[in-house]
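Here are a few notes to read with the structure open beside you. Take the points one at a time and find each spot as you go.

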Amino acid sequence: MTDWATRIHNIVPLAIEGTVIRTLGMTVAASDFPAPINSVAEIVRPAGPPILAEVVGFRDRLTLLYPYGETNGLRRGDRVRLRRSTWQLAVGEGLLGRVIDPLLIPLDGRPLVGLNERVLLTAPPPPPCERPPICEALPTGVRAIDGLLTCGKGQRLGIFSGSGVGKSVLLGMMARFTAASRVVLALIGERGREVREFLERDLGPQGLARSVVVVATSDRPAILRVRALMVATRIAEYFRDQGHDVLLLVDSLTRFAMAQREVGLAAGELPSSRGYPPSVFALLPRLVERAGRAAAGSITAFYSVLVEGDDPHEPIADCVRGLLDGHIWLSRKLASAGHYPAIDILESLSRLMPAVTTPDHYQAALTVRQLLAAYREHEDLITIGAYRRGADKLVDCALELLDVIEGYLRQPLETPATFSEAKEHLVGLHLRVASRLGQASTKTEDQKLGGGGPTGLERETLSQFTRVPHPVTSAGDISKTNR
């Protein structure tokens, strides 16, 4: 519903004009131009169309504007005019299946129609005491996440990885296979070549049909890359208020922070941590808190974070990890071994998994974690042949079921996994582990007699997971998958 009282209160007279005095790095300084922060102005050039710019700060009685485009032909004394005092977005069902930029200009060559409502760009997050508890799982269609890192409707998670580990592929799988009724994607700072590849190969027609894609490539001005995430978040909020369960996918939050760093430094902020000004760390929680569950619907958000040099303690990763409700770590070692999706289960965590899963499901996930942890702890001894079977029951069980577990965690890129399938096979694996640990002595005797082959659930699971062809079949496919 339109809040007319707020709109009237925020009205600023448009008959405000100023004069270009000088340029300061990426910003333009104008005098006699008392426009508010975040308002949009146009700079009139003698040659060429006007340049749109946004007010980002003030300095020495001058107003600082960050242009939306090239400043070729700009000169001292050019007129500056206020175009828009507040940001408003046109929203509606007509956004579905469309690719737009932060200014709502379509990038797919078709006009935008069916946008019958207007909303302000900024909106407050749901009040803390009015947020409904997150108690229902949201299937993503990715077996490793649904089974071992189950997320709830309204949860916020981070996907942490270095470059080329399969982050974009994982986001595309979730966009295609999720049970959410609406998907909003923000592609921030991507290479122009990769946008079409992501839309056609990773997202596909099935995923695009129920999605809104907001794109700001790396060559766009930093202020537009910042606006891209704000626009995507506001569109997700609109669909949530219509009663939908929305999946918000952001690629990537690191490039958003880098863009805000450019804007902040250009506006005169001082760097505080590895060159990032304070505005970056103030803006991140304000945006992240807007996702979540509300009375009408929910926004489940996955924010990808590029980890510089695979360092999990760099400033943006550290800040974001403390703001989110869980994290998914993608391993370069697994990706190099052809294990996709390359999710390192032991380094990943969903903080709300106990609240959105049944006790048997949660216990089964803990059992698999224990097996993986036991194997990793003794991996060096196992590799050099120094480990003797019978020394540790849990390690013995992990060795026997390792192929089954890895088969469960792998998933072909074009094959969705249902939530019930992910749960049932995980629970069955837990029961098999409990049975083996309880009958360790019998199992040892069977091994002495030459037994110990796969039985029961193992045969069923191996047939379903380890015999499917892996999606990586050639060097070209490996380069595509490792995006």
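1. Start with the barrel: six strands close up in the order β1-β2-β5-β4-β3-β6, with antiparallel pairing. On average, neighbouring strands of this sheet are turned by 45° against each other, ignoring direction. Keep in mind that you're looking at a predicted model.

2. Now pick out one pair. Strand β2 covers residues 27–31 and β5 covers residues 62–67; the two run antiparallel, and four bridges join them. To see how they line up, find S31, which stands opposite L62 in β5. If pairing is new to you, strands of a sheet pair through backbone hydrogen bonds, either parallel or antiparallel.

3. What lies across β2, β4 and β5? That's helix α6, residues 253–266, and it runs at about 150° to β5.

4. D251 and S252 are joined by a cis peptide bond, with omega about 5°. S252 sits in the loop between β13 (245–251) and α6.

5. Another cis peptide bond joins Y340 and P341, and here omega is about -10°. You'll find P341 in the loop between α9 (332–336) and β17 (349–350).

6. Last, go to the loop between β4 and β5, where D60 lies. D60 isn't a glycine, yet its phi is positive, near 50°. R61 is in the loop between β4 and β5 too, and its phi, near 65°, is also positive in a residue other than glycine. Are they buried or exposed? D60 has 64% relative accessibility, so it counts as exposed. R61 is exposed as well, with a relative accessible area of 84%.

Methods: Residues are numbered from 1 along each chain as its sequence is written. This is a predicted model: local features need pLDDT of at least 70, side-chain atom pairs count only at pLDDT 80 or more; totals for chains, interfaces and linings use all residues. Side-chain values use heavy atoms; hydrogens and water are left out. Two strands pair if DSSP finds at least two bridges between them. Axes are lines fitted to C-alpha atoms, for helices over the stretch in contact, and angles run from 0 to 180 degrees between N-to-C directions. Contact means heavy atoms within 4.5 Å. Buried means under 20% relative accessible area, exposed over 50%, partly exposed in between (1.4 Å probe, protein chains only).
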